[in-house]
Amino acid sequence: MPQKPMSIEWLVERAGEFGLDGIQLADNLFPETFSDSRCMEIGVFAKDKGIELQWGFDGWDREKIDRMMEICQLTGSGLLRGVFGPEFVDGFSGDNAILTACRKEIDILIPKLEKNGIVLALENHFDLSLPLLRQLVSSYDRPEIRVCLDTTNALGQLWRPLDVVQYLAPLSTSMHFKDFTVKKVIGGYEIMGVAIGAGDQNCYEILQQALKINPEMEICIELGTPRPDGEAPYVENEIKDVNHSIEVTKTLLKRFYEEISL
């Protein structure tokens, strides 16, 4: 935790300066502890700056999720990204038991999501297998339950990013778009996040295929900047990577839309 954390307002302003349409805020902020007045303050500030807010949670806790849905309402957000988490999934044995337990939880949320116009976007993370996640979301076939497609997370399940895109894009409402490098080390491989376009994956092909399958999917730039020992270099490096990633992504998006208009 930095000695002087940057405010959400600071991040909203930077997003506007970078020419982004919105930001996704998640667990490191502990948003469930915010007061109603603080949430409304954030929502008004973001709206004034023309920035859409999306929220996220990690780990399945009904009380926390209920509060996150309230925060979506208070801030004018229509998307809540979530994961069940290993702690939830590991409590069940076999895919059928996991699927049943997940459906039970989602069934409780659907009336609230529908009433408040909120989409729950379940991210392919480090809990559900991709086939199980697709089966779960497909079984609902409704706009409130969708996927937040992460292009890199499934490397842990030995899925290539492009294969993940083709598998989950039809069910996705947003995509965590990022790049990485793979380095051979003693006893295995080291996967490190880098600025988009600076890594080993074919960023344009991934973006092209994702939007070809699902043109309505939002593209969310996500970075995994390596953390040095001190705070200052980390902030400077991250801002540099953000700027680079935004410029590359804009170029790729422009190229995609120019090609489909021909």
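Seven strands form an open sheet in the order E1-E2-E3-E4-E5-E6-E9, with parallel pairing. Strand E1 (22–25) and strand E9 (218–221) stand at the edges with a single partner strand each, so one side of each has no neighbour in the sheet. From one strand to the next, the twist averages 25°. Angles like this run from 0 to 180 degrees between N-to-C directions, and the axes are lines fitted to C-alpha atoms, for helices over the stretch in contact.

Before going on, a word about the model. It is predicted, and local features need pLDDT of at least 70, side-chain atom pairs count only at pLDDT 80 or more, and totals for chains, interfaces and linings use all residues. Residues are numbered from 1 along each chain as its sequence is written, and side-chain values use heavy atoms, with hydrogens and water left out.

## Inside the sheet

The strand and helix labels come from DSSP runs, numbered from the N terminus: helices are H or I with at least four residues, and strands are E with at least two. Strands of a sheet pair through backbone hydrogen bonds, either parallel or antiparallel. Two strands count as paired if DSSP finds at least two bridges between them.

How many bridges join strand E2 to strand E3? There are four, between E2 (residues 52–58) and E3 (residues 79–83), and these two strands run parallel. Gly 56 has Arg 81 in E3 as its bridge partner.

Strand E2 also holds Leu 53. At 3% relative accessibility, Leu 53 counts as buried; buried means under 20% relative accessible area, exposed over 50%, and partly exposed in between (1.4 Å probe, protein chains only). Contact here means heavy atoms within 4.5 Å.

Which residues of helix H6 (residues 130–138) are buried? They are Leu 130, Leu 132, Leu 133, Leu 136 and Val 137. These residues lie on the same side of H6, because they cover an arc of only 160° around the axis. That arc is taken from the directions from the helix axis to the C-beta atoms. The buried residues of H6 pack against helix H5 (95–116), strand E4 (119–123), strand E5 (145–150) and helix H7 (161–168).

Helix H7 is mostly covered, with six of its eight residues buried. Those are Pro 161, Leu 162, Val 164, Val 165, Tyr 167 and Leu 168. Their packing partners are H6, E5, strand E6 (172–177), strand E7 (179–185) and helix H8 (203–213).

Take a look at Val 165, which lies in H7 and has a relative accessibility of 0%. Beyond four places in sequence, Val 165 touches Leu 149, Thr 151, Pro 170, Met 175, Ile 206, Gln 209, Ala 210 and Ile 213. Val 165 and Gln 209 are 44 residues apart along the chain, while their C-alpha atoms are separated by 7.3 Å.

Gln 201 sits in the loop between strand E8 (188–194) and H8. Although part of a loop, Gln 201 is buried, with a relative accessible area of 11%. Not counting residues up to four places away in sequence, Gln 201 touches Thr 151, Pro 161, Phe 177, Lys 178, Asp 179, Phe 180 and Ile 206.

## Aromatic rings

Rings of Phe, Tyr and Trp (its six-membered ring) pair if their centres lie within 6.5 Å; planes under 30 degrees apart count as stacked, over 60 as edge-to-face and the rest as tilted.

| Pair | Centre to centre | Angle between planes | Type |
|---|---|---|---|
| Phe 57 and Trp 60 | 5.6 Å | 70° | edge-to-face |
| Phe 88 and Phe 92 | 5.4 Å | 50° | tilted |

Phe 57 is buried at 0% relative accessible area, and Trp 60 is buried at 14%. Phe 88 is buried too, at 15%, whereas Phe 92 is partly exposed at 35%. Ring pairs link Phe 57, Trp 60, Phe 84, Phe 88 and Phe 92 into a cluster.

Rings can also have a charge over them: NZ of Lys or CZ of Arg must be within 6 Å of the ring centre and within 35 degrees of the ring normal. The charged end of Arg 103 sits over the ring of Tyr 140, 4.6 Å from its centre. Arg 255 lies over the face of Tyr 204, at 3.6 Å from the ring centre.
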